[in-house]
Amino acid sequence: MEHLNAEDIINYVTLDAMNEDTMVFCKHVNGHIRGCATCLGKLRKYLDIHDMYQVQNPGGDFKTFVSEQLQEEYVLSLDIE
Ligand SMILES: [Zn+2]
């Protein structure tokens, strides 16, 4: 089973609309994290970062923020398997 990548997790954390595509995507992510503590842990960390970001930057673009921060140690550390 392939792990979720950072992009999948970021997309999941920032989902704002439900349609057929996002439903399939959510099922895929939910199905995976149910059986994978590694990805569940990553998802939780990204959710925390997302919540903090939203408090500090209401209405800000989280995806852009995360992309810029991907070089930072704390985000890189999320990719350790
Ligand atoms: Zn996984």
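A residue counts as partly exposed when the number of other C-beta atoms within 10 Å of its own falls between the limits for buried, 20 or more, and exposed, 12 or fewer. Phenylalanine 25 has 15 such atoms, so it is partly exposed. This residue belongs to a predicted model. The protein chain holds five helices and zero strands. Of its 81 residues, 11% count as buried.

**Overall layout**

- Along the sequence, the protein chain reads α-α-α-α-α.
- Take the contacts between residues at least 6 apart in sequence: 63% of them join residues at least 24 apart.

**Helix H1 and its buried side**

- Helix H1 covers residues 6-13, and Ile9, Ile10 and Val13 are buried in it.
- These three span an arc of only 100° around the axis, which puts them on the same side of H1.

**The nonpolar core**

- Nonpolar side chains tend to be buried together in soluble globular proteins.
- The largest nonpolar core here has eight residues.
- Its members are Leu4, Ile9, Ile10, Val13, Cys39, Leu43, Tyr46 and Val66.
- H1 and H3 are the elements that give two or more residues to this core.

**How H1 meets H3**

- Two packed helices are described by the angle between their axes and the distance between the axes.
- For H1 and H3, the angle is about 50° and the axes are 10 Å apart.
- That angle makes H1 oblique to H3.
- The crossing of H1 past H3 is right-handed.
- On the H1 side, the residues that meet H3 are Ile9, Ile10, Tyr12 and Val13.
- On the H3 side, their partners are Lys42, Leu43, Tyr46, Leu47 and His50.

**Isoleucine 10**

- Isoleucine 10 sits in helix H1.
- Isoleucine 10 is buried, because 20 other C-beta atoms lie within 10 Å.
- Leaving out residues up to four places away in sequence, isoleucine 10 touches Tyr46, Lys63 and Val66.
- Histidine 50 is 40 residues from isoleucine 10 in sequence, yet their C-alpha atoms are 8.9 Å apart in space.

**Tyrosine 46**

- Tyrosine 46 is part of helix H3.
- Tyrosine 46 counts as buried, because it has 20 C-beta neighbours inside 10 Å.
- Neighbours within four places in sequence aside, tyrosine 46 is in contact with Ile9, Ile10 and Val13.
- The C-alpha atoms of tyrosine 46 and isoleucine 9 are separated by 7.4 Å, although the two residues are 37 apart along the chain.

**Two partly exposed residues**

- Alanine 6 has its place in helix H1.
- Alanine 6 is partly exposed, because 16 other C-beta atoms lie within 10 Å.
- Alanine 6 and valine 66 are 60 residues apart in sequence, and 9.9 Å apart in space from C-alpha to C-alpha.
- Phenylalanine 25 has its place in helix H2, which runs over residues 20-35.
- Asparagine 11 is 14 residues from phenylalanine 25 in sequence, with 9.3 Å between their C-alpha atoms.

Technical notes:
Residues are numbered from 1 along each chain as its sequence is written. This is a predicted model: local features need pLDDT of at least 70, side-chain atom pairs count only at pLDDT 80 or more; totals for chains, interfaces and linings use all residues. Helices (H or I, at least four residues) and strands (E, at least two) are DSSP runs, numbered from the N terminus. Two residues are in contact if their C-beta atoms, placed from the backbone, lie within 7 Å. The arc is that of the directions from the helix axis to the C-beta atoms. A nonpolar core is a set of buried Ala, Val, Leu, Ile, Met, Phe, Trp, Tyr and Cys residues joined through C-beta atoms within 7 Å. Axes are lines fitted to C-alpha atoms, for helices over the stretch in contact, and angles run from 0 to 180 degrees between N-to-C directions. Angles under 35 degrees count as roughly parallel, over 145 as roughly antiparallel, 65 to 115 as roughly perpendicular and the rest as oblique. A crossing is left-handed if the near helix is turned anticlockwise from the far one by less than a right angle, and right-handed if clockwise.
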